[in-house]
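Subject: Structure for your files

Hello,

Here is the structure you are taking over. My notes on it follow below.

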Amino acid sequence: MDQELFKTIDTIIRKDHLYAQVNLMREDIMKLFGIGRHHLNDQLNAFADGMSFPQYINSIRMEVAYDLLTNHPEMTIADIAREVGFTAPNLRLQFKRCYGVTPAEYRATLVTTDDDEI
């Protein structure tokens, strides 16, 4: 297996925000990199803990959503959902599956009041 190919695929998906395309398909990545379905699946099996393509893309979306929720309080949850390629209800569902709380619940844990610091 060629780990450099996977690193390149992962870098392009992240850097070019391909994960944010709502209709991103495995075929889009296959065409972009000139590889077949089996080759892409082999890459995911070897270097992405055996995730399927949708699982892999969702894992990236969750990482980015978590970062945006944490570091960009000025963004609404709906804005973050759009930024990562989800609808707000889908982000809520996926985020809860991944982290055990909804985006709003997670964001509420980030808010500290003066009373918390005493």
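Is Asp16 buried, partly exposed or exposed? Asp16 is partly exposed, with a relative accessible area of 41%. Please keep in mind that this is a predicted model.

Salt bridges. The structure has 6 of them. In one, the side chain of Asp16 meets that of Lys15 at 3.7 Å, N to O; Lys15 is exposed, at 54% relative accessible area. In another, Glu27 and Arg37 meet at 2.7 Å, N to O. Glu27 belongs to helix 2 and Arg37 to helix 3, so this pair ties together parts that are 10 residues apart in sequence. Both count as partly exposed, Glu27 at 36% relative accessibility and Arg37 at 37%.

Asp10 and Arg14 form a salt bridge of 2.9 Å, N to O. The two lie 4 residues apart in helix 1, about one turn of the helix. Asp10 is buried, because its relative accessible area is 16% and the cut-off for buried is under 20%. Arg14, at 29%, is partly exposed. A network of salt bridges links Asp10, Arg14 and Glu63.

Nonpolar core. The largest core has 32 residues, and Ile13, Tyr19, Ile29, Leu40, Tyr56 and Leu91 touch the most other members. Helices 1 to 6 each give two or more residues to this core, with the largest share, 9 residues, coming from helix 4. Beyond its neighbours within four places in sequence, Tyr56 is in contact with Phe6, Asp10, Ile13, Leu44, Ala48 and Met51.

Regards

How values were computed: Residues are numbered from 1 along each chain as its sequence is written. This is a predicted model: local features need pLDDT of at least 70, side-chain atom pairs count only at pLDDT 80 or more; totals for chains, interfaces and linings use all residues. Side-chain values use heavy atoms; hydrogens and water are left out. A nonpolar core is a set of buried Ala, Val, Leu, Ile, Met, Phe, Trp, Tyr and Cys residues joined through side-chain atoms within 4.5 Å. Buried means under 20% relative accessible area, exposed over 50%, partly exposed in between (1.4 Å probe, protein chains only). Contact means heavy atoms within 4.5 Å. A salt bridge is a side-chain nitrogen of Lys or Arg within 4 Å of a carboxyl oxygen of Asp or Glu.
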